[in-house]
Amino acid sequence: MSRERRKRSIFEIMMEHMERLDDWAEELLESAERPSWDLRSCCLEPLWDVFVTDDEVLVTADLPYAQPETVEVEAMGENMIEISAKMERSVRFADFGITHRKGEFSSFRSRVRIPVPVETERMKIHFKRGILEVHLPRKKGYRIKIE
Amino acid sequence: VQNRQDVKEPKVFGAGSSEDSIKLLREKGLEILNEGFIVGPQALIMRYCTERELTAIALLAQSFFKYPDPEASAVAIKKFAAITDKKIDVSDLLEKGEEIRLRARDIMRRTQSELNRMKKSQEYDLPLYV
């Protein structure tokens, strides 16, 4: 890295802080308790998990009743992916034994935040026995020699 | 297990509360759980049985770590049926596998967040033995 550092303007520094605040607010919102379903979009949120290894990030999701040909993973920027799939049959609240709500769900949708930088364009997707596997290669960082 | 997706027939391991029960498991051709530990209610039951010298066995099937796994349950039940020479039909459990996974979604989510809250990961901490 070059030793000369360009002097940054106060606005640049402020913008950086604002961005960090935005990220933090988004994370807080995501962690807030909310139902695992959304009536407006008729979506259920699947169970998912993120596992970080040395060279990749593995995201898995449990998608029962999903039609394999409709399973989609979309990169939403650098640190977020969106998983979606249509279900073979729709389920109603009544199927869960719930009578005080009305509504039907026909697909899965979930946004998953990726905790470390990854190369989303090299993402690989497998769907086996109802479980989705998304492999995201981690970005290589630079090394600094010990002086 | 990590690679549960690639495992067609999950393995079942057995644990016993006494020498006799371990012998029984061996006779029935079960692999004994030699490494690792058991937690939760069944661990307590096993411990009390050992203290009171009662014969008890625990059957543990390889399963998904974070997802409901009716297939793994079916395999464990099948092994139990084989040990006790009883006929237990698990076809319903397998047929309704997807339905169970869908229904168990919220309770599993709740379980995961509770496990995080009670610092379940402490189990993996390395102890300070010198």
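Trainee: Which residue of chain A forms a salt bridge with B:Glu71?
Mentor: Happy to start there. This is a predicted model, where local features need pLDDT of at least 70, side-chain atom pairs count only at pLDDT 80 or more, and totals for chains, interfaces and linings use all residues. Side-chain values use heavy atoms, leaving out hydrogens and water. A salt bridge puts a side-chain nitrogen of Lys or Arg within 4 Å of a carboxyl oxygen of Asp or Glu, and here the closest N and O atoms are 2.8 Å apart, the partner of B:Glu71 being A:Arg129.

Trainee: How many salt bridges does the rule find across the interface of chain A and chain B?
Mentor: The pair of B:Glu71 and A:Arg129 meets the rule. Across the interface of chain A and chain B, the count is four.

Trainee: About what area do chain A and chain B bury between them?
Mentor: Buried area is the accessible area (1.4 Å probe) that two parts lose on being put together, summed over both. Carbon and sulfur atoms hold 48% of it, and the total is about 2200 Å².

Trainee: And which residues in chain A lose the most area to chain B?
Mentor: Together they make up 31% of what that side buries. They are A:Leu47, A:Tyr65 and A:Arg129.

How values were computed:
Residues are numbered from 1 along each chain as its sequence is written. Chains are lettered from A and ligands numbered from 1 in the order in which they are written.
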